[in-house]
Structure formats: structure tokens, C-alpha cells
Amino acid sequence: MIELYNSGAYLINGKEIIKDETDAAAKLSQCGISVSKEQAKEGTISHGIIAAHNKNNDIQNLTLRFDSLTSHDITYVGIIQTARASGMDKFPMPYVLTNCHNSLCAVGGTINQDDHVFALSAAQKYGGIYVPPHLAVIHSYNREMMAGCGKMILGSDSHTRYGALGTMAVGEGGGELAKQLVGRTYDMQAPAVVGIYLEGEVTKGVGPQDVALAIIGATFNNGYVKNKVMEFVGPGIAKLSIDFRNGIDVMTTETACWSSIWQTDGLVKTYLNDRGRIGDYKELKPASAAYYDGFIKIDLSKIQPCIALPFHPSNVYTISDLQKNAKDILAKTEEENKGTGLNLNLGVKYRNGGVWAEQAIIAGCSGGIFENIMAAADIMKDTSIGSGNFTMSVYPESQPTFLELVKNGAVQTFMKAGVLVREAFCGPCFGAGDTPANNELSVRHVTRNFMNREGSKPNDGQISSVALMDARSIAATAINGGKITAATELNVKYGKYKFFFDKSIYDKRVYNGTGKPQNETELVFGPNIKDWPKMPPLPENLLLKVVSFITDPVTTTDELIPSGETSSYRSNPLKLAEFTLSRKDPDYVKRAKEVQAIGIKNESADLHGLTQIENSRKENEEFIIVFEKIKKNFPNSVQFGIGSAIFARKPGDGSAREQAASCQRVLGASANLALEYATKRYRSNLINWGILPFIITDESIFNLDSFIFFPGIKTAIQEKKETITGFVLGDTVKELTAALGILTDAERQILIDGCLINYYAK
């Protein structure tokens with residue numbers, strides 16, 4: 001079904017695969033091809049697009065400028081505030097501001113709608129594109145109106161993926177967008193490119209989420225495509241509709257890849273032409289000889305309906321396997337999640353020979369796609385979900401899609417079946433819409449099912465278990481009363497529906513001021529919109545106190561800064577910071593603030609200054625003891641800064657939102673200590689907020705509340721040292737070897753200056 005190659009591979013004329021083995025040259029010769037591996041690497045679609053956007057002559061060390069940017073209403077205020085503080089006077093490229101996350105404007109009083117008003121005023125003042133609430137989710141609008149063959153788009157949402165339309169799209173933290181807004185570049189080493197070769201044709205009842213989950217299950221845990229480009233090629237693509245391709249593509253984020261791109265064809269041309277953008281089409285395909293650093297071969301005909309059980313999209317089983325081995329699989333899932341401290345009690349979901357869910361959702365940029373919804377409607381025609389506890393909602397991806405569903409009768413089909421059809425909204429993906437009851441199992445065609453999403457608050461004893469499935473199998477489950485059912489078990493006649501895109505919906509409501517900034521426009525600030533607090537620069541010597549010690553295999557951004565109800569405070573750095581790690585380590589904020597208070601009172605941080613603090617407080621006494629150790633062991637380093645740090649084995653899986661890092665910084669964090677970072681985007685967020693992204697190999701020599709001293713840290717960064725020595729100040733002084741990984745010169749200076757805003761202010 002899915003084969004991962006142990007080496008790279010050559011793709012010849014888009015069809016023949018030659019593994020990179022000792023006889024590869026001979027096989028190439030037999031094909032009449034004489035090309036070096038380096039030359040063949042330039043034959044990928046990815047190489048051509050990246051090279052066209054690289055602003056220097058070094059293809060290995062990239063400095064990229066994007067064609068357009070996009071953000072939603074959880075991220076755009078902070079980005080614009082950062083860019084304003086960094087000297088921005090206009091948007092230098094198209095910048096789309098959508099309102100699809102914080103669009104429930106009853107939450108938090110007026111503050112969500114205040115953000116929307118701010119965004120419109122910013123689009124007018126700086127020359128941007130404003131998409132009003134409920135009109136479209138962020139990625140649907142960008143697919144429909146912004147993506148084009150050979151383009152690159154940068155978005156402050158991790159699922160920024162438009163590869164199926166020939167666009168290399170990247171989800172990053174807000175700092176990277178702010179750089180683009182002030183005319184700077186996105187800097188990174190050239191990513192490896194993995195070929196994803198599709199052949200065969202999916203069987204009836206199998207949908208894009210099934211294909212995506214199968215790929216995620218095969219690649220996430222082994223890191224096969226981590227921080228790489230997934231390039232989709234092969235004859236199987238022609239058998240997939242554009243909606244189907246988009247549905248697979250948006251989920252590539254969950255493999256931990258950097259970006260994605262697909263070869264294009266006449267179907268892409270038709271898609272763009274129907275949206276009045278035929279000029280954005282061009283054929284993209286690999287050269288006659290293209291070399292891929294890794295290769296995955298997928299037979300679409302062998303993909304079966306899948307389910308991703310809690311709490312990660314990579315926890316994938318076929319529905320058939322779940323049905324056959326439900327007790328064992330559910331018990332295994334419970335065991336894997338014992339670290340939550342809760343009994344998931346998934347075993348009770350198995351009864352009467354099946355696994356039962358209480359809720360079903362089809363929504364957003366992955367599930368709310370036209371063809372997904374139409375297939376679900378075909379399954380549910382003349383049926384009912386009943387009047388029991390089982391509920392179902394459908395959220396179309398955009399108003400143009402909603403209009404088509406009304407016109408062709410799908411909305412009527414759902415309503416008559418007892419299904420609620422709602423507005424374009426991303427809430428079900430992160431816990432702001434259709435939150436299940438405690439201990440319910442919800443099956444969803446959305447992008448994620450992490451522990452701290454969809455309303456779960458494990459520390460409060462509230463847990464909703466979410467499983468990911470394709471819209472087709474969700475509909476099959478719904479008509480079966482909530483019993484998990486694969487769509488392939490049904491004999492359904494699926495219709496072929498043409499989508500008639502009505503652009504006038506956007507023409508009448510979207511404000512497009514691209515290239516037309518109105519400098520005289522005043523920004524409209526609601527009471528919750530606050531400027532970033534000042535961040536201190538990096539001192540020459542740094543004392544860290546470890547205020548959170550997390551030993552989970554992976555720590556997600558939803559655990560670092562929860563989604564859901566916290567979203568209303570995304571425009572208020574101080575208030576939002578109060579939620580940092582609240583569902584994973586509820587004492588973190590208190591500990592971090594104690595360290596921050598000491599640091600503020602003692603900016604010079606020498607022993608003499610500390611003795612002026614009241615010695616009665618335990619934390620002050622603790623610091624004074626540590627300072628005495630520094631004075632004794634490092635007499636030349638008695639002046640230093642103080643900051644907090646968290647340790648997590650693999651932090652940063654999940655969302656691109658920068659608040660996972662900025663909230664730590666607002667509370668005085670100076671470093672993260674990790675065995676590795678789950679994503680490039682989280683590490684970039686740390687750097688842009690002046691947080692040292694330390695990589696260590698031995699977590700056993702320190703623990704919660706440990707003090708770690710880094711003498712000469714600033715000089716070490718300036719001198720580009722590969723490893724940096726710290727000292728754990730316990731009963732004895734122990735050396736800790738740390739590294740910062742690959743840093744550009746600009747990133748080094750950002751860390752030294754204390755954050756991106758400080759860097760630009762200089």
C-alpha cells in the first residue's frame with residue numbers, strides 16, 4: 001500500500017523509478033540519460049520554485065521572499081503589532097486577513113469583534129485584504145483566490161498548504177511574516193525533497209482523509225519527511241479530483257513536513273479558470289530526470305477507510321482492523337495515554353459488536369470541502385441520525401461552497417436527516433465549536449485530534465476523545481446510529497456534481513486594498529489590543545531556573561498554550577501569558593513569574609544587589625544561595641541576567657502560532673531545553689522571541705527547579721560555537737553540554753538583541 005524507500009531515487013520521465021543504489025548509473029545509462037545526482041536534484045518541481053524565490057545565489061542557504069501572506073484572527077494582531085514596532089509603513093505584498101477562528105464574538109465580550117475591526121482598519125491603512133467573519137476559512141479563501149502555479153505563500157497557520165494547486169505554502173510563526181512585512185527574507189538551509197509517487201485509483205467510499213491518514217501513519221513517527229518538501233508525482237494524480245487532492249494536501253502538515261507541491265494538469269487549469277484566474281496556471285512537472293532525497297510509493301487502490309484514534313493524527317488504524325480488534329486497540333490507546341493521569345475509559349465505547357461515537361463533525365479546510373460534503377449527503381439521503389444522544393454538524397469551507405450546497409439540495413438533505421449545517425468556521429478543529437460532552441467520542445473530518453483540543457481540559461477532569469475519519473465514513477457512521485462504519489461497507493451511488501464558483505460573493509464583501517494603502521487611516525484599537533511588552537537583550541552571562549520539566553515523548557503547542565477559550569486573548573500578550581502550560585503544568589506561570597520578579601529587581605544581578613532583597617521569601621533565599629555558588633565558582637561572571645526555562649523532550653508539534661513561544665517570553669523565559677524540536681516553525685518562534693533553543697543530550701543531570709548557569713553565552717553565540725557549556729548548580733557543580741543548532745547570522749543577532757522587535761529597532 002505505502003512503501004518508504006531506504007534511499008533516494010531517480011524519477012525518469014515522470015514514470016520510471018530508479019532506486020539510488022550502486023547500479024543506478026547503469027540503469028540511467030540504459031534509459032539514455034547522463035546526469036549527475038546534483039543535476040537531477042535540480043529537476044524536481046520544488047527546486048525550480050524555491051530557486052525562483054531565493055534572493056541570493058546560494059541555493060543551499062536560502063533567503064526567500066514570498067508572493068503573498070495570510071493570517072487569521074488568532075494571529076494577525078500580534079503580527080501587525082510586531083511589524084509596526086519594527087518599522088512597517090505598508091504591506092509590501094498581498095496580505096490576506098481572514099476571520100475564521102475567533103469569529104464567535106460572544107466569547108470574551110466585545111474583544112473578538114474588536115480584533116476584526118482592527119484588521120479591517122489595518123487592511124485599509126497598509127493595503128491588505130480583509131475577509132469578514134464566516135465568509136471563508138483561511139485556507140479555502142487562499143485556495144480559491146490566491147494560490148497559483150509556481151507561487152509561494154507564507155501563512156501564520158500550520159495548515160498553510162496549497163501544493164495541489166502548484167503553490168508551495170509554508171505555515172510559520174508570526175515573526176517570519178513580520179520579517180516579510182518589513183522587507184526581510186525567510187532564511188533556512190535548503191530542505192530535502194521527498195517524492196510521493198501515486199499510482200492506481202481509490203475505491204468507492206475511500207476519501208482524501210483516508211489517504212492522508214495512511215500517509216501520516218507511515219511517516220510521522222519515523223520522521224521520514226520531517227522538515228522536508230513532499231512532492232506529489234505519478235500517474236495516480238490524474239485519477240484524483242482537485243478537491244480530493246486539496247483534502248490530502250492540507251493534511252501533509254501532520255507528517256511534520258515543511259511544505260508540499262504537486263505536479264499540475266488540466267484539472268488545475270480548469271479550477272483556476274473557473275475562479276477567473278487562468279493566468280495563474282502553468283504546467284508543473286519534474287524534469288525528464290529528477291532525483292529525490294527520499295521516495296514513497298503509494299498504491300491508491302489499496303488504501304482503506306482509516307481512523308486516527310486519540311490523541312494524534314498518526315495513531316492510525318484501518319476501520320476494518322478496529323472493528324476486528326476493537327478491545328485490544330482501544331486498550332492499547334488507553335495505555336498509551338496513561339500519562340494524562342486520566343482513565344480514558346475508551347473500552348466502554350465497544351458494545352454490541354462495534355465501537356460507538358456520540359458525535360460527528362465535518363468541517364473546515366480539510367472536511368468542509370465541496371466534494372466531501374456532497375459525498376456525505378449522498379450517503380445520508382432519506383435517512384436520519386435519530387433523536388438520541390448522537391449529534392452531527394457540517395461546516396462548509398466557504399460561502400461560495402455553502403451556496404452550491406443550497407442550490408443542489410445537499411443542505412436540505414442534511415437538515416431532513418437531523419444534521420446541523422453551519423457557517424465557515426475553524427472552531428471544531430481547536431475546541432471552539434461543537435465541543436463534546438465529557439468522555440464522549442467524537443469522529444471528525446478536521447485536521448487534528450490532540451489532547452488539549454476540542455474542549456479537553458485534562459487537569460479539570462474534562463476529556464473529549466476525538467478520532468479523525470473521512471467525511472464518507474463519518475456519514476456512514478451517522479446513519480448507523482454512531483456505530484463506527486466504513487463507507488466502503490455501503491452500496492451508495494455517488495453523484496458527480498459540478499461546482500459553480502460565484503466570485504461575486506467575495507466581490508461584494510471582501511475588502512481588497514492590495515497596493516493601495518491609505519496612510520491617513522487610523523488603526524482601531526479595542527481595549528484588549530495591547531502592545532508587546534519590552535523584552536531584555538541577552539546578557540553576557542545567564543542564569544536559568546528550570547520551571548517546568550516535561551517528560552512526554554512529544555509536547556504540542558496546544559499544551560504550551562491551549563486553544564479554545566484562550567483565543568480571545570491572543571491580542572493581549574499579558575493576559576494570554578496567564579494560560580501558558582495551564583493544562584499541562586498548572587504551576588508553570590507562578591514559577592515563571594517568581595523568577596521574572598527576581599530578574600527585574602536585579603537587572604545587574606550581582607551578589608551585592610541581591611542581598612538588598614527581603615531574605616524572608618523562600619525564592620529569594622534560594623537565589624542568594626545560588627549566587628554565592630556563582631561567586632565562588634565563577635568569580636569573573638558575577639554580573640548576569642536571570643531567566644526561566646522549560647525542559648521538554650520534543651516540544652512544538654502542532655500549530656504554527658507564535659504564542660507558544662511569545663507567552664513564555666512575556667513571563668521572562670530565556671531558554672528551552674530539548675532533546676529535539678518537533679518542528680522548524682516552533683524553533684523559529686523561539687528564536688524570533690529571543691528564547692535560546694538549546695538542544696541537549698542528557699536530561700538526567702538536572703530536574704525541575706534546577707539552576708543552570710551559562711557564563712559567556714553571548715560571546716559563545718557571537719563566536720558561533722557549535723557547543724556551549726553550562727553548569728548545573730546543585731550540591732555539586734555539573735557540566736551540561738548544549739547546542740543551538742544551525743543559526744543564520746540574523747538569527748544569532750535576534751537572540752542577542754532579545755527578540756525580533758529589538759533587532760529591527762536597532
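Predicted model: local features only at pLDDT ≥ 70, side-chain atom pairs only at ≥ 80, totals over all residues.
Trainee: How many nonpolar, polar and charged residues does the contact of helix 4 with helix 5 have?
Mentor: Helix 4 contributes Tyr76, Val77, Ile80, Gln81 and Arg84, which meet Asp115, His116, Phe118, Ala119, Ala122 and Tyr126 of helix 5. By class, the contact of helix 4 with helix 5 has two charged, two polar and seven nonpolar residues.

Trainee: Is helix 25 oblique or roughly parallel to helix 26?
Mentor: Helix 25, residues 659-666, packs against helix 26 at an angle of about 30 degrees, and their axes are 8 Å apart. Angles under 35 degrees count as roughly parallel. Helix 25 is therefore, relative to helix 26, roughly parallel.

Trainee: Is the crossing of helix 25 and helix 26 left-handed or right-handed?
Mentor: The two helices touch where Ala660, Ala661 and Gln664 in helix 25 meet Tyr682, Asn685 and Leu686 in helix 26. These contact residues divide into four nonpolar, two polar and no charged. The crossing of helix 25 and helix 26 is right-handed.

Trainee: In which order do the strands of the closed barrel run?
Mentor: Strands of a sheet pair through backbone hydrogen bonds, either parallel or antiparallel. The closed barrel has seven strands with mixed pairing, and its order is 26-28-30-31-34-33-32.

Trainee: Which helix packs on the sheet and touches strand 28, strand 30 and strand 31?
Mentor: Strand 30, residues 669-674, runs parallel to strand 31, and four bridges join the two. Within this pair, Ala674 stands opposite Ile695 of strand 31. The helix that packs on the sheet touches strand 28 (641-648), strand 30 and strand 31, and its direction makes about 130 degrees with that of strand 31; this is helix 26.

Trainee: Which residue with a positive phi follows helix 28?
Mentor: Helix 28, residues 745-753, has as its buried residues Glu747, Arg748, Ile750, Leu751, Ile752 and Asp753. Their cover includes helix 7 (174-181), strand 10 (186-189), helix 26 (680-688), strand 31 (692-696), helix 27 (713-718) and helix 29 (756-761). After helix 28 comes a residue whose phi is positive, near 110 degrees, namely Gly754.

Trainee: Is Gln462 buried, exposed or partly exposed?
Mentor: Gln462 is found in the loop between strand 23 (441-445) and strand 24 (465-468). Buried means under 20% relative accessible area, and exposed means over 50%. The relative accessible area of Gln462 is 37%, so Gln462 is partly exposed.

Trainee: How far apart in space are Gln462 and Gln209?
Mentor: In sequence, Gln462 and Gln209 are 253 residues apart. In space, C-alpha to C-alpha, Gln462 and Gln209 are apart by 28 Å.

Technical notes: Residues numbered from 1 in each chain as written. Heavy atoms only, no water. Contact = heavy atoms within 4.5 Å. Nonpolar A, V, L, I, M, F, W, Y, C, P; charged D, E, K, R; others polar. Buried < 20%, exposed > 50% of the residue type's maximum accessible area, 1.4 Å probe, protein only. Pairing = 2+ DSSP bridges. Axes fitted to C-alpha atoms, helices over the stretch in contact; angles between N-to-C directions. Parallel < 35°, antiparallel > 145°, perpendicular 65-115°, else oblique. Left-handed = near helix turned anticlockwise from the far one by under 90°.
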